[in-house]
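Please keep the sequence and the 3D view open while reading.

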Amino acid sequence: MIVNKSIVGLHIILHEAHGMLAGKIANEIKEVYRPIHWFETLIAISEHDDRQLDLNEKEYLSDLGVPMDFTEENYQVDEVVERMKRILRTSENKSQWIKLLISYHLEFIYGPLKKKSKRISAFFQQQASERKTILKYFGLPNKKAKEYHEFLRFCDRLSLILCKDETPELERLLEINTSIGEETFFIKKTDDERLIISPWIFKKDKFELSIEERVLKETQFSSKENFKESLLKTKPQTKKWILAKE
């Protein structure tokens with residue numbers, strides 16, 4: 001869950017919506033950059049964060065009853081492992097290619113926890129073994145498959161920057177990441193609110209992106225049930241951006 005604060009209230013973007021935005025970004029990129037198995041890749045990108053959030057599973061409120069952004073969460077080992085298993089089961093039910101990309105991505109996100117947890121380290125050792133089987137099925141070397149995952153990483157990171165309003169003012173550059181084709185990508189905002197990406201890898205010179213968010217005027221809640229009820233009752237609003245070539 002992504003939580004942005006303003007004088008209006010709390011702007012809540014669910015992880016599923018963030019993933020959908022990542023998919024929209026992927027669909028705008030020139031075909032020459034696309035990974036193989038494009039349809040499955042697009043699904044993997046659009047749904048890579050599905051089932052990350054479960055309002056019935058844990059407390060997403062701080063001690064003061066304020067909804068927490070995903071960056072503020074305190075991860076428990078058992079919770080992380082169960083979350084990853086849940087995501088991988090869903091992806092495997094769709095296709096091995098989707099599972100492969102999601103497996104790489106989960107290790108990218110949670111891999112740093114391997115040093116802190118033997119259980120998580122063992123989980124990723126098992127994932128590495130399962131990926132070898134999938135790679136053999138597709139006849140791909142690990143290095144090439146990881147390059148395809150870089151495409152997902154770019155879309156995911158750009159989506160998060162947009163969702164979290166991280167683009168600086170005054171046309172200052174913000175690094176997105178080093179990903180597709182080992183290029184380092186940057187974003188900046190113009191005076192008229194257009195977002196400039198460099199280098200430009202998209203099909204059109206200018207296009208619009210949008211996402212749904214829910215704005216809660218109430219900022220503190222007595223329980224997760226109270227928060228869930230308020231969130232689901234709030235009508236979504238559309239948040240938009242214009243991305244353009246410099």
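A nonpolar core is a set of buried Ala, Val, Leu, Ile, Met, Phe, Trp, Tyr and Cys residues joined through side-chain atoms within 4.5 Å; buried means under 20% relative accessible area, with exposed over 50% and partly exposed in between (1.4 Å probe, protein chains only). The model is predicted: local features need pLDDT of at least 70 and side-chain atom pairs count only at pLDDT 80 or more, while totals for chains, interfaces and linings use all residues. Residues are numbered from 1 along each chain as its sequence is written, and side-chain values use heavy atoms, with hydrogens and water left out.

The largest nonpolar core has 56 residues, and those with the most contacts inside it are Ile25, Phe154, Cys155, Leu158, Leu162, Phe202 and Leu243. Its largest share, 11 residues, comes from α6. Another core, of 10 residues, lies apart from it and includes Met1, Leu10, Phe221 and Phe227.

Helices (H or I, at least four residues) and strands (E, at least two) are DSSP runs, numbered from the N terminus. Two strands pair if DSSP finds at least two bridges between them. The open sheet has 7 strands in the order β1-β2-β6-β7-β5-β4-β3, with mixed pairing. Its edge strands, β1 (2–5) and β3 (174–178), each pair on one side only.

| Strands | Sense | Bridges | Facing residues |
|---|---|---|---|
| β5 and β7 | parallel | 3 bridges | Leu195 and Leu243 |

In the hairpin of β4 and β5, 4 residues separate the strands, and Glu193 takes a positive phi near 75°.

Helix α6 (residues 142–163) lies across β1, β2 (10–13), β3, β4, β5 (194–198), β6 (206–216) and β7 (237–244), and runs at about 160° to β3. Such angles run from 0 to 180 degrees between N-to-C directions, with axes fitted to C-alpha atoms, for helices over the stretch in contact. Contact means heavy atoms within 4.5 Å. Leu162 touches Leu21, Ile25, Ile187, Leu195, Leu209, Lys239 and Trp241, leaving aside residues up to four places away in sequence.

The largest pocket is lined by 23 residues, of which Phe70, Tyr75, Ile109, Asp156 and Leu160 lie nearest its centre. A pocket is an open set of points on a 1 Å grid over the protein atoms alone, where a 1.4 Å probe fits, with protein on both sides within 12 Å along at least five of seven lines; lining residues have an atom within 4 Å of a point. The elements giving two or more residues to this lining are α1 (15–28), α4 (96–110) and α6.
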